[in-house]
Amino acid sequence: MASGQNVSRVTKAPIRAGPYNEDQLCFPMKILISNDDGYQAPGIVALYEALKDVAEVEVIAPEQNNSAKSNALTLNSPMYVNRASNGFRYINGTPADCVHIALTGLLGYRPDLVVSGINNGANMGDDTIYSGTVGAAMEGYLFGVPAIAFSQVEKNWGELEAAARTARELVLQMARQNLIGASPWLLNVNIPNLPFAQLGHIKLCRLGRRHAAEPVIQQTSPRGETMYWIGAAGPALDEAEGTDFHATAQGHIAMTPLKVDLTDHDRLGYWAQTAARLRQGDPSAS
Ligand code: MN
C-alpha cells in the first residue's frame, strides 16, 4: 500500500517529539479528524491544531452535538456538506455519517488514520457502546483504516492543550513505529485533565464497567405534557486495577484496544447445547 511505503520512509527521518512547532515534519501521513461534539467544539479545534503540522489533515465533523449517537447512520434524510471559514467541513449528520461520507466519496483518497475527538468527557467502560466519539473512530476501523478515539476524562475542556499534545505525541510515536497505514486497529484513549507534565504514562487497559444509568428525569412541558430526559451515566461498577477507570483515577492515560465482534465466544458452547434442545422442542424441527 502506498501509504505504508510513505510512512516507512518518514520514520527514517530524525524526528523528536516536542512542542507543536519544534519539528516541521514532512509527513505524507493523511489524517481524517472527526468528533461527536460538533465541528465548533474546542476539542476538535485543539486536535486539529496539534496534528496539522505533522500530517495532511482534513476535518469533517457533525454540525451539531451528536454525543451518544454511537454508530448511527442517517438513512431517511439527505445530508449536506458545508465548509466553515477555518476550512473544517461539517455535515448535518452523525459522527459515523461524517466518516462514512468522507471515506466513501467525499475525500477521494484513503486516509492513513482516523482520529476522533477530543471528546468533552470520559468514554470509559460501557460508554464506548454509546459514544459518538468512538462511533466515528469505529466507522474508520470498519472501513479498514486505523483509528483512535480521544476523550478527556472531565468535561469543560480543562487542560485541553495537554490532551491535544498527548494525542499528537501518540500519533507521532505510532507513525515512527510504522503502526499507521498498516492493518486496521481501533484504540480508545482517555486522558485525565492534568497539565502535560503531570500526566502519567500511557497504560494499556481493559474497559471497566458502569452501574446502570441514573433514572430518567420527568418534567412537565409548558403545554402540560410529560417530558423525559435521559439520566446521567452510572458511576463505575468495575474500576479494578487494569481498567480504564482505575488508570485515569491514578492520573494515567488509559488506552484500550477495541474490537467490534459482539459474539459471546465464552458462551458459544452453552448456547450450542441449548440451541439443540430448542430445536428438539420445536415440532417443525422433527
Ligand atoms: Mn461528545
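Student: In which strand does Ile118 lie?
Tutor: Residues are numbered from 1 along each chain as its sequence is written. The model is predicted, so local features need pLDDT of at least 70 and side-chain atom pairs count only at pLDDT 80 or more, while totals for chains, interfaces and linings use all residues. Helices (H or I, at least four residues) and strands (E, at least two) are DSSP runs, numbered from the N terminus. By that numbering, Ile118 lies in strand S5.

Student: What is the value of omega for the peptide bond that joins Gly117 and Ile118?
Tutor: Most residues other than glycine have a negative phi, and most peptide bonds are trans. The bond that joins Gly117 and Ile118 is cis, and its omega is about -5°.

Student: How many helices and strands does the chain have?
Tutor: Helices and strands are DSSP runs, and they are counted along the chain. The totals are 8 helices and 13 strands.

Student: What percentage of the residues in the chain is buried?
Tutor: A residue is buried if 20 or more other C-beta atoms, placed from the backbone, lie within 10 Å of its own, exposed if 12 or fewer do, and partly exposed in between. The chain has 286 residues, and the buried part of them is 42%.

Student: Is Ser70 buried or exposed?
Tutor: Ser70 is placed in the loop between S2 and S3, and it has a positive phi of about 50° although it is not a glycine. Because Ser70 has 20 C-beta neighbours inside 10 Å, it counts as buried.

Student: What is the phi of Ala68?
Tutor: Ala68 is also placed in the loop between S2 and strand S3 (81-83). With 16 other C-beta atoms within 10 Å, Ala68 is partly exposed. Although Ala68 is not a glycine, its phi is positive, at about 70°.

Student: Why is helix H3 (residues 95-106) described as largely enclosed by the rest of the structure?
Tutor: The buried residues of H3 run through Pro95, Ala96, Asp97, Cys98, Val99, His100, Ile101, Ala102 and Leu103. They pack against strands S1 (30-34), S2 (56-62), S4 (89-91) and S5 (113-119) and against helix H5 (132-142). H3 is largely enclosed because the number of its 12 residues that are buried is 9.

Student: At roughly what angle do the axes of H3 and H5 cross?
Tutor: Axes are lines fitted to C-alpha atoms, for helices over the stretch in contact, and angles run from 0 to 180 degrees between N-to-C directions. Angles under 35 degrees count as roughly parallel, over 145 as roughly antiparallel, 65 to 115 as roughly perpendicular and the rest as oblique. H3 and H5 are therefore roughly parallel to each other, since their axes come within 7 Å and cross at roughly 20°.

Student: Which term describes how H2 lies to H6?
Tutor: Residues such as Leu47 and Leu51 in H2 meet residues in H6, Ala164 and Val171 among them. The axes of helix H2 (residues 42-51) and H6 come within 9 Å and cross at roughly 45°. That angle makes H2, relative to H6, oblique.

Student: How far apart are the C-alpha atoms of Glu56 and Leu32?
Tutor: Glu56 is found in strand S2, and it is partly exposed, with 15 other C-beta atoms within 10 Å. Glu56 and Leu32 are 24 residues apart along the chain, and their C-alpha atoms are separated by 8.5 Å.

How values were computed
Contact = placed C-beta atoms within 7 Å.
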